[in-house]
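Biologist: I would like to learn how to read a structure feature by feature. Can we start with a pair of strands and work outwards?

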Amino acid sequence: MDNVFPIPILYKEKAGNPYQHEVMNLLAFIKAFHPLPLVDEAAFARFEKYAESLCDKLDERMKRPAFQVELNRWLALLQDAHTFVMLDDTSLYPFTLRYYEGSFYFRSLPDSVPDCTGKELIAINACPIGSLIQKLKVYVPSEDQIKACITGSFFMNNKAFLNALGIDTDTVIRFMFADGSEVCLPSSLHEGASGLYQVKQVPHPVTARRNEPFHYQIIGDTCYFQFNAMIDRFTYWQGCRLMQVSPNKAVEDSLPLFADFLDEMARAMAVHNVNRLVIDMRYNGGGNSVLGDVLLEFLGVSLRDICPFHSYIRVSDFLQTCYPTLFIRDKYESMKGELAEQHQVMNDFTGDMPKPSNRFHGEVAFIQGQNTFSSANYLLTLIKDNALFPIIGTPTSQKPTCFGDVLCVALPYTQTQAYISHSYFVRPDERNQDTSLLPDSLVRTSLKDWLNGKDACWGSFY
């Protein structure tokens, strides 16, 4: 439900070109909408100052994708992985690069070049991957190196982005791999390639990603629960009510109720005398955090007895326009422009949230990974900071204290699509300033093992 909201024109100066107007208007919007100006005045001052130097380098003859790359470089100063602009899908090479737990590799390649999918990449045009990662941290809005690499890998078939990283796309691009091999892609490579090589991956019989928000499987005395997205039919309805739009029947029919799923899983565990539940959140990019609350209650945790997040929202006219029923009316009027605690100013739409009738009181463990993000990261931070259940895996790609709750917006001068945060979340353990949520036990699966259907995390249980 990705409604795109056009942001208003707040910058009224007539001098300058459209790109400069876009930057100054976006600066005015972020100043009124994003939490950073009220969370860290010094950081916002640096962000504001950079806008001046950015405008000096923006020529209206600049190609639009190059301008969008420069916008992201500027937005990276917010230290907010949720706030970024999309790059136009023009001038793309017909390959996809991806990042997995420390390694870049080709996921797909045109069949006009040798098949090198799945090999670990160590350099592009003789520039070592380590140097490229440092540049990704500059050009990709993120909160840690892991997220810079994940998001950056999605942009690395974009010519303007590669050029910003210092990779010349006017000649052949040379990719070098850890096994000593290399492949050269001509600069003229385009979408007309006849076909694609796809990376060959052996699916793990238990933990391979399923194309559904939640899935479970009983293996001996263990139930494996793959929790892939924090959305169900109720939270979809909730989002529709917030925006005052009618639900799409095809979407709501495709989504189960989380409470029904948990009850079904509980019955299956009882029938098979299961006493261990492993919850895998490595594929979970977030959604509505209320599903995390429901899960904790299912696991016998009383939310009243644990140390919570402090959750804040930037109260603004724009947000009120997008979500007409979000705010308590009298609270909104008195707190407009402020960073307010969410429970003080927002209406509660969760009162009739369906809850499972069962509880599980056996052994519980969680698995996290690089793609555990947003509301999934929030849930696991609650678990970590309250020492509720053990967590294994690898660091996540987000700070536990972070910005979030995004709107999809359109910038008025270039119609560039962007995502911008309006909330701020402070982890229960406020003293912990880690830039990633660390597991209790670090368990890594190499790229080679992962592609060959091996899973060290699951192997620690079986």
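Modeller: In β15, arginine 276 has glutamate 363 as its bridge partner. This is a predicted model.

Biologist: Which strand does β15 join there, how many bridges are there, and in which sense do the strands run?

Modeller: Strand β12, residues 276-280, is joined to β15 by 5 bridges. The two run parallel. Further along, aspartate 280 is opposite isoleucine 367 in β15.

Biologist: What does β15 pair with besides that, and over how many bridges?

Modeller: β15 also pairs with strand β16, residues 391-393, over 3 bridges, in the parallel sense.

Biologist: How does the chain get from β15 to β16, and what is the handedness of the crossover?

Modeller: The path runs through helix α15, residues 375-385. This β-α-β crossover is right-handed.

Biologist: What is the strand order of the whole sheet?

Modeller: The order is β10-β11-β12-β15-β16-β19. These 6 strands form an open sheet with mixed pairing. The edge strands are β10 (214-219) and β19 (441-442), each pairing on one side only.

Biologist: And how should I think about side chains along a strand?

Modeller: In a regular strand, side chains alternate between the two faces of the sheet.

Biologist: Now strand β13. Which strands does it pair with?

Modeller: β13, residues 310-314, pairs with β18 over 4 bridges in the antiparallel sense. There, serine 311 stands opposite phenylalanine 425 in β18. β13 is also joined to strand β14, residues 339-341, by 3 bridges, again antiparallel. On that side arginine 314 stands opposite leucine 339 in β14.

Biologist: What does the UniProt record say about residues 260-401?

Modeller: The unreviewed UniProt entry annotates them as "domain: Tail specific protease". Over that range the model's chain is 35% helix and 15% strand. The end C-alpha atoms of the range are 32 Å apart.

Biologist: Let us turn to pockets. What is the volume of the second largest pocket?

Modeller: About 370 Å³.

Biologist: How many residues line the second largest pocket, and which lie nearest its centre?

Modeller: The lining has 19 residues. Nearest the centre lie Asp40, Gln79, Lys399, Phe403 and Tyr424.

Biologist: Which elements supply the lining of the second largest pocket?

Modeller: Four entries give at least two residues each: α2 (36-39), α3 (41-57), β17 (402-410) and β18 (417-426). The largest share, 3 residues, comes from α3.

Biologist: How do the residues of that lining divide into nonpolar, polar and charged?

Modeller: The lining of the second largest pocket has 10 nonpolar, 4 polar and 5 charged residues.

Biologist: Next, backbone angles. What is the general rule for phi?

Modeller: Most residues other than glycine have a negative phi. Here asparagine 125 has a phi near 50°, a positive value in a residue other than glycine. Asparagine 125 sits in the loop between β5 (121-124) and β6 (127-128). Its relative accessible area is 27%, so asparagine 125 is partly exposed.

Biologist: What is the phi of aspartate 405?

Modeller: Near 55°, also positive in a residue other than glycine. Aspartate 405 lies in strand β17. At a relative accessible area of 35%, aspartate 405 is partly exposed.

Biologist: Last, sequence separation against spatial distance. How far apart are arginine 233 and leucine 257?

Modeller: They are 24 residues apart in sequence, and their C-alpha atoms are 5.3 Å apart in space. Arginine 233 lies in helix α8, residues 233-243. With 25% relative accessibility, arginine 233 counts as partly exposed.

Biologist: And how far apart are proline 205 and asparagine 157?

Modeller: They are 48 residues apart in sequence and 32 Å apart in space, C-alpha to C-alpha. Proline 205 lies in the loop between β9 (196-198) and β10. Proline 205 is exposed, with a relative accessible area of 63%.

Methods:
Residues numbered from 1 in each chain as written. Predicted model: local features only at pLDDT ≥ 70, side-chain atom pairs only at ≥ 80, totals over all residues. Heavy atoms only, no water. 1 Å grid on protein atoms, 1.4 Å probe; cavity = no way out; pocket = protein on both sides within 12 Å on 5 of 7 lines; lining within 4 Å. Points joined across faces, edges and corners; volume = space filled by probe spheres on them. Nonpolar A, V, L, I, M, F, W, Y, C, P; charged D, E, K, R; others polar. Pairing = 2+ DSSP bridges. Right-handed = clockwise from strand over helix to strand, strands pointing away. UniProt positions renumbered as here; feature names shortened; annotations may be inferred. Buried < 20%, exposed > 50% of the residue type's maximum accessible area, 1.4 Å probe, protein only.
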